[in-house]
Each structure stands twice: as C-alpha cells, then as structure tokens.
Amino acid sequence: MTKISKALAVIAAAAVVGMPALVDAQSRAGAQATNQPVAYGADSVEYAPNRIILRGRAEATQGGNRFRADTLTLVSGEGGDLQRAEASGTVYFVTPDQSMRGDRAVYNLGNGEIVVTGNVILTQGKNVLTGSRLVYNINTETARMDGAPRGAAGSRVQGVFYPNSN
C-alpha cells in the first residue's frame with residue numbers, strides 16, 4: 001500500500017467514524033442511520049496532508065442523510081481523526097426531515113456545529129426560512145439564522161410557517 005493509499009484509507013476511516021455525529025441529531029431517523037455505512041464519491045479526489053478533497057458532484061451519504069457540494073474537504077488532525085468537513089459551491093445537507101442549502105458550510109465535529117453561509121434556505125416540510133447565515137448545533141438541535149447586513153436597513157431573515165406542518 002502506497003503512502004497516499006494509506007493516508008486515504010485513514011481519512012476515509014475517519015470520515016466513517018465522524019459521519020455518525022454529523023447525522024445523529026440532524027434528524028430523528030439519524031440515530032438509526034449511525035450504524036449504517038458511509039458512502040462518498042466525486043468526479044475527482046485529491047489528497048493533501050491531513051485532508052482529502054472531493055471535487056465535482058462531491059457527496060457523502062449515510063442512511064437517509066446526504067451532504068453534497070461542488071467541493072467537499074475532509075480535514076483530519078494528528079492521528080487521522082476527522083475534525084471538520086468544509087463544503088463550497090452549491091451546498092446541501094439533507095435529512096429525511098429537513099434540508100439546508102447555502103453557498104458554503106463548515107461542520108465542526110468537536111462541538112457539533114454546522115455553519116451554512118450565503119443565500120441560506122432551511123426547509124422542513126412546507127416551512128421555509130431564509131437568511132445569510134445559519135448556525136445549527138447537531139448536539140443540542142438549536143439553530144440561529146442571521147440576515148445579511150445590506151444598506152441602512154439591512155436585510156431580514158424571512159420565513160413561512162404552516163401550522164401543523166412538519
């Protein structure tokens with residue numbers, strides 16, 4: 001096994017270990033998905049020390065959860081543990097219950113926080129929330145959406161909620 005093959009294997013293993021935390025609290029079905037295998041793919045894969053870069057239709061899936069972007073970078077620390085996943089381009093994080101869309105996203109496995117920025121759309125059933133920055137904590141299931149500062153009045157977070165809708 002070459003040095004690059006070993007590094008890719010270590011990072012892939014770290015991704016498998018890290019993805020359960022990514023999907024665990026994202027959905028109620030996530031707990032069932034944590035024991036399922038993680039699959040990933042892209043048009044090309046590039047290795048650099050402590051990171052693997054998936055380019056072109058990059059996607060990581062586990063159970064019914066999917067993290068997809070133009071570019072998905074998996075960053076590991078010393079020892080090969082996955083520390084964070086960075087996504088850019090058109091980014092989607094989709095669970096059976098909700099979806100997040102934005103221009104960029106960074107998921108920090110240490111604190112369970114995913115930050116989605118740039119034209120963010122959060123949907124759950126028919127409910128829709130838009131803004132410029134979404135901070136969602138997977139461990140606590142808390143979220144904060146911010147508007148983008150524009151002009152004197154600034155932009156606003158906007159949403160449409162349907163009672164009795166999931």
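Over the ring of which residue does the charged end of Lys-126 sit? I began my notebook with this question, keeping in mind that the model is predicted. I found that the charged end of Lys-126 sits over the ring of Tyr-162, at 4.9 Å from the centre of that ring.

Next I looked up aromatic pairs, and the count came to 1. The pair is formed by Phe-67 and Phe-93, whose ring centres are 5.4 Å apart and whose planes make an angle of 70°. I noted the arrangement as edge-to-face, because the angle is over 60 degrees. I then checked where the partners lie: Phe-67 belongs to strand 4 (residues 65-76) and Phe-93 to strand 5 (residues 82-94), so I wrote down that the pair links distant parts of the chain, 26 residues apart.

Asn-50 has a phi near 65°, which is a positive value in a residue other than glycine, and I located Asn-50 in the loop between strand 2 (44-48) and strand 3 (51-62). Asn-119 also has a positive phi, of about 55°, although it is not a glycine, but I found Asn-119 within strand 7 (residues 113-124). For accessibility, I recorded Asn-50 as partly exposed because its value is 42%, and Asn-119 as exposed because its relative accessible area is 52%, with exposed meaning over 50%.

Conventions
Residues are numbered from 1 along each chain as its sequence is written. This is a predicted model: local features need pLDDT of at least 70, side-chain atom pairs count only at pLDDT 80 or more; totals for chains, interfaces and linings use all residues. Side-chain values use heavy atoms; hydrogens and water are left out. Helices (H or I, at least four residues) and strands (E, at least two) are DSSP runs, numbered from the N terminus. Buried means under 20% relative accessible area, exposed over 50%, partly exposed in between (1.4 Å probe, protein chains only). Rings of Phe, Tyr and Trp (its six-membered ring) pair if their centres lie within 6.5 Å; planes under 30 degrees apart count as stacked, over 60 as edge-to-face and the rest as tilted. A charge sits over a ring if NZ of Lys or CZ of Arg is within 6 Å of the ring centre and within 35 degrees of the ring normal.
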